[in-house]
Structures are given as structure tokens and as C-alpha cells.
Amino acid sequence: MRIRLLGCLVALSAQLAVAQNLVIVNAKIPDAPGASAVLVAGGKIVQVVKGRPRVPGRMPVLDAKGATLVAGRIDAWAAVEGNSRLGTALDGFDPYDRDFIRLAVSQGVTALCLTPDHQREGSNGLAAVVRLLPKVDGAQDRVLSDASALCAGLGVGEGALTRAERWAKLRDDFAEAKRYREAWLDYEEELAGYVEELPEVAAVDSGTPQAKPKAKAKDDGKQDAKGKDDKDKGPKAPKQPPKDRGKDALVRVLAREIPLRLHVERVADVVNALELADEYDVRLVLEGGREAYLAAEALSKAGVPVVLGQAIPPTASGAQPDEYARGESRGRSRAGWLELYPLRSREGAAALLDAAGVTLAVGTGSLERSRFVGLNAELYAADGLDPVRAEAAVTRTAAEVLGVGDRIGRVEQGYFADLTLLDDDGAVVATLVGGQIAFRRPAQ
Amino acid sequence: MRPTAIFGALTLAALTCATAQDVVVEGGQVLAGKGVDAPAQGGVVIQAGKVGSLGGAYPEGVRVDRYPGAVLTPGFVDLRTHLGGLNDLDESAEAFADDVDVLSAVDLGHREFGQALRAGVTSCVVLPGDGAVFGGRGGLVKTYRGAQSDAPVAKLSLSDDALREDRAPTSGVMAYALLRERLEAAHEEGSDAFSAFARGDLPGLCYVDDPGNARRLLRLSKALGLRLVLHLSPEPEPDFKELPLQGEPVLCGPYDLGADPLTLAIPAQLAARGAEVCFTSAAPLWHPRSQRASALLAVRSGLSVPQALDGLTGAPARALGLGDRIGTLEPGADGDLLVWSGHPLRASSRLLAVYVGGRLAWSRPAPQGGAQ
């Protein structure tokens, strides 16, 4: 083991100037009971071991002095301002905003799932997962996923009929996207058949049976007019359906490549979402879900995770949370509905979801709250959620729900060295991102 | 109206006394309050609704409620709420509502009080909103069983909320000038709430959003001997950190997770200058749990843990002149106490039970859920 490790370090030594190498010792590591040291090389965790690992040369050592080493916090719901049907929430975030990153890492936050806001109904663009690297030179692996999910909203503050209309619209979008997808699948199938029937093309490309004929066939498709002139001489080229980038994102959802992420709070919408996911056989992630505890069993059965927002509702009645109130310009109805029919939020709701077996991630619902996502998870624990689950909800479970569970969220070999050290009071002692010390608490 | 209110209060008080139980609440650690000499461990003996003794031998035949390993603290005191007012305690038609008593309009049985109780708030001051320069008075209320106390509090506002186009004042400068003129005039006479505040008989909470007005008001308060508590607007205003508040109370919050870093640093900066920092939720405008969350956020921005706990308990009680009755577990104080799974300023600590006047007012239901 040690020999292999040495080899690994030698291989990395060429990179030493830029790569982040470090040994953390004397840490309590809940992810690896018994271990107390972590070896970081090239910005990743190379080894989690007991005692003090033997390392060659002058490797910097960070003495944790008994502090607890955990994975950096992930805000699984960092809504940016704005949305775009064809875009991604990445466009609403400046990954080089040093002040933002400094504040976030000082609270132990090392990654965000950027989501569009949901002021507009329907599809609002793609969610992205970014790491909060403190230096610009660490640009590689800054964006872990540029398509973590396709996000959509219904207007939570709206009345029942408006929301019903929007559901209908979303269903229509899916029906259209399904037809669009089928048209393209048919086209590709026809194209393959057409290529096979072209004798001279097949002969020329017999060496590479799959990829090349397609490329050629596309050329042929474009020369449709010419093909018509020669239609007696060979089979007819299939007609390419029109391209629609908006539908392409929905097609990725229909192909189960990425999940559909819906912001819903009311239980009626949770039920509608489950029906939609079932009808179109798509993966679903819910965002918000203040009333989701009322459908906990159904969510658990369908295996649908929930990304929770603020543990403390912004107001006592659960009405007019600020993320909905932003749409005030649309008239009084929005605020009015929430006041007349407040969300049935309840204390201990997260614990009820957890008890039913629903997978939970915790976010904050807004980029400006992201730095306190760790505190938010602890407040869920104060509200009755098991503390171990609450911790996982901003680390490993969050990463899994976001589709990056193989790279961040754990103190484990092969994972990015995005780590935070906590003292016994839960305060952040130091934060590392990609093995670089991004924050260190000043001596008191 | 006044005699009836007092009679009602006395009747309530009598009822509370007659049925209050004696109990010993035992945990692993007692945080009895600033300056209270308490053994680190043991129980809090409550007799006839008041704290009898800390630690030591328990009296014979008294029920002992045991919470192994739990942390006991005084009940939280929130200096500014509008609970039970059905969102209707903000009147702005007149700039000075000299003798309005909002408690006569408050529904003391409203479920919002229960929500505050489950957030650990056992005493709260219910006040008018910020729409008038002098909004009238409110008073201290226990969040359990609507027991109203005899501690009235005046409410002032030197903020944009108190300005209107159709009546004076229309500017912050004029608002201060009018207030000063009226305070100086009312200093000697009058039986209304405004005069009582002007004489220094009544504590008053003033919401301020401008550091200049806050400074002027503090000077005036010293000159006239007012019992003033400033409530600083949570909008980012870095100059608040310079306010001369040696030994004086100041109310901070409510803060949410999105609060500006400049705002969150102010409690620590003012505490370092000697201010008695207190925290509020302004419930139901914000959730009652925002009071503790505000303190947690202040701790993450540099405030010490003992100061933050004092800001939820002792400091607001002292600001009302009730430092020996609430916000503390010293013998003789009201038997209002909280049972926590850990230190209350560790965010993940859970509130396990709330006692008010020695009664078990709420305890966390079994993990299976059940009724809220």
C-alpha cells in the first residue's frame, strides 16, 4: 500500500508547483471511524489513514488538534436571480467572485448547486454544480456538472386554478417533447436503414460500420433536393425533423439522462409531480416541499428526493416567503393567495419525511443565503431531524441527489479534498478546497 | 378601562398561583443566567411558580422531572413582537398615538403565542408597529395561557416607516425634531403612555434605521432620563457599530440566513463597546424561531456565546427593569425555564421542554410525530 502511495506521489511530483499536497493529522473523521489523518495530493484525497502517514520530503502538515474533519458543505439549492428556458443557472453566477467565495468558505461551504429562480412558469433552464475554488488558477474541475437537472416551477404563490393551468402547460410541454423525441428517434432509425441501402457508401465504409455512415448520411440529408432528382436511382433520404433547443433539454429528461427538478410546496403539486414523473417515466427531484410531509409515503415509494430550503420559514404563517414575493409586480394575487391559504408547514416536517424513508438534501433557496447552509442543516436537526442525516443532507446525500456523489461530499480516497474542520461547538476552524487552505480561523 | 384591566390581571395572576405546581426540573447542566451563582449540575426547584433553589436537596414529596444530560436555561425574552394582533397593530394615521394600548386589541389565546412558546420564548413584549413616531404602548405577555403581566412598554419609531406624505413628519429630521419637542413638553405632566415614557416611568422601544437619528436620540435619552431601548434596523448600516451604548441595551435582529455580513457583525461590535445586546424575532412578521437564529448568526459573526445567550434571556429582561423576575433562574424569579438537548447556542440543539411558572407548558412529542 505504502509503496503504491509513494509511486503515486512520485508521479505527481512533476505537478507539485501547482498541485495541492497536504497532510492533515490529529483529526476526528466521522466518515472513517478510527482514522485520524488524510493525505491530499493533486487536490484530491489520496489516503485516509490511522496515525501519522509517512510521506516523502517536505509536505505541508495541517495539525487538526482534535477537530472534526468533514466534507465541505454543499448548498443543494442556491437559486440565482433570473432564468432562461434555453440556458443554465451557471450564467447567473460569477465563479471568480472572491468576496462571495471568502464568506462561503469561512462557513465551511465548498460547493453549490446553482438553480434558476422560478419567477416564470414552466422550464427555467438547467441547474449546475460548482466548487468554490479560492484561486483562479484552479479553474479545472470548477464546474462539476453543467446539467445537474432541468428546473421548472409552477408559481407557488399562485392560486389553485393558475397552478392547474401551469400544470397543463407543463404536461403539454412534455407531450410535445415526447413527440419531438420520437420524431428524432424515428429519423435516426430511418437514416440507419437508408444508409444500409446505399450500396456504394456501405462498400466504401465497410471498415467502420457505425460512426462514419451516419456522418455521410447527414450530408446526404442536406442535399435533399439533389436526392429528389435521382430518386429512381436509389432509396429516398429521410427528412430531418426541425431542431428545438428548448425541447432538447426536455428530451434529456425523457431519456432519464438528467432529472426534472420541480419547485413545489403544496401537497397537491407534490401529487401532480409524482403523476407527471410516472406518466413520462422521468427521474424527479422536488425542491421546497413545505407540505411534502403530507405525501411522505408516496414520495418514499417513488424514490423521489426532496431538496429542503430554509429550516425556519421566513414568516410565522409560512406565507410570503421572499423567494415568492419577488414576483410582486405581477399583482396582489400572489401574496393574497399565500395569506388566505398559508402553506401547511409544520415543525418536525423533515423528521417525518426522513422517517418515511424520503431522501433529503438541504439547501438554502438562494445564493445570498448559501454561506449558511451548514447552519441551516443544524437548524433542521434542532427541528427534530436526526443530526447524522442533517449532516449528510449537506454533504454526501446532497452530492448524490445532485449527481456528483462520486466526486464530492465524502472524506474518502479519490474524492476532491474539499474539506472543513469543525471545533466541538461546530464552528469552522479551517476550510480546504482542492487541498488548498481557503479559510483558517484567526487565533483567538 | 384601566381598573378593569388591572383587576383582570390580578385575577389571572391569582388563578396562576392557585394552580401552579411545585416541581423539580433536573438536567445535566444549568445555565442560570449572567451573574447567578449556580451549581454546574442538578435540578431547579420551582415552588409556587417561582424558582426556589438551584441544586442542593430537593424538597419532600415534590415531583421531579428528569432530563438526563439536558441543558437548562431561563425562558427567552423577546422585546419586540406583534403576536396575536392579526397583522393589524400598525397604525400610521397619526404620528403620535399617545394613549393607545395595543394589548386591548390582542388575542392572547392566538396560536401564534404557542408557536413562540415552542421556539423557547416564554415572555414577549407585544407592541404596535413602526407606522407612527409614537405608536402607543404594549406590554409584556407570557406566551403560555395568555397570562398578561403589569409591565407596559412604549413603542416609538424613527424610521422611514413612520413618515407619510399626508401628515407631519414627512422627513427623518422633522420626525426627530417633533419627538424632541413633545418629549420636552410632556416631561412634567400627563397620565398617558407618552408622558410616562417622557418622565422615564415607562421603558420605550424605538425602531431606528438611521445612525444619525439613533445618536441624537441617545443624547436626548440621557438628557431627559428616558428608559430607551434602540431597535436597530436589520438593513445594512455599518455606522450603527459606532453607537455610544456603554452598558445600555440595544435590540438586534431579526436576521435570516441571507443577512448582510455588515449587519451580522454589528452585535459583536456593539457588545465589544459595552452594549447590552438583545435579540428579537419581530414575530409574526418573522418566525419566532428567528430570535435564536439571529443570536446564532451573530455568534458566527464574532459575538461570544455567553453574550449571545444573555441577549436572549437576561439582557432583554434587564432592559425592561425585570432582571430579577425573568430571563434568569436566580431564586425568586418566575419559574420559566427551557430544557435543551445541548447548549442552546449550538444550532443543532433541540428544545425538549418548556416550563412557564413551573408548569410544563410544552414538551417535544415522541419521534413518531403525532399532533403538533
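At 24% relative accessibility, Asp248(A) counts as partly exposed; buried here means under 20% relative accessible area, exposed over 50%, and partly exposed in between, with a 1.4 Å probe and protein chains only. Its salt-bridge partner is Lys243(A), with the closest N and O atoms 3.7 Å apart, and Lys243(A) counts as exposed at 58%. A salt bridge is a side-chain nitrogen of Lys or Arg within 4 Å of a carboxyl oxygen of Asp or Glu.

Before we go on, please keep in mind that this is a predicted model, where local features need pLDDT of at least 70, side-chain atom pairs count only at pLDDT 80 or more, and totals for chains, interfaces and linings use all residues. Residues are numbered from 1 along each chain as its sequence is written, chains are lettered from A and ligands numbered from 1 in the order in which they are written, and side-chain values use heavy atoms, leaving out hydrogens and water.

Let us stay with chain A for another pair. Arg396(A) and Asp31(A) form a salt bridge at 3.3 Å, N to O. Arg396(A) lies in helix α15 (residues 396–401) of chain A and Asp31(A) in the loop between β1 (22–25) and β2 (37–41), so the pair ties together parts that are 365 residues apart in sequence. Helices (H or I, at least four residues) and strands (E, at least two) are DSSP runs, numbered from the N terminus. Arg396(A) is partly exposed at 27%, and Asp31(A) is partly exposed at 32%.

Asp166(B) meets Arg164(B) at 2.7 Å, N to O; Asp166(B) is exposed at 55%, while Arg164(B) is partly exposed at 28%. Elsewhere, salt bridges that share partners join Lys50(B), Lys142(B), Arg325(B), Asp334(B) and Asp336(B) into one network. Over all chains, the count comes to 42 salt bridges.

Now turn to helix α2(B), where 6 of the 8 residues are buried. They are Glu112(B), Phe113(B), Gln115(B), Ala116(B), Leu117(B) and Arg118(B). These buried residues pack against β8 (121–126), β9 (134–142), β16 (351–356) and β17 (359–363) of chain B, a contact being heavy atoms within 4.5 Å. Just after the helix, Gly120(B) takes a positive phi of about 95°.

The loop between β7 (76–81) and α2 (111–118) of chain B holds Asp88(B), which is exposed with a relative accessible area of 61%.
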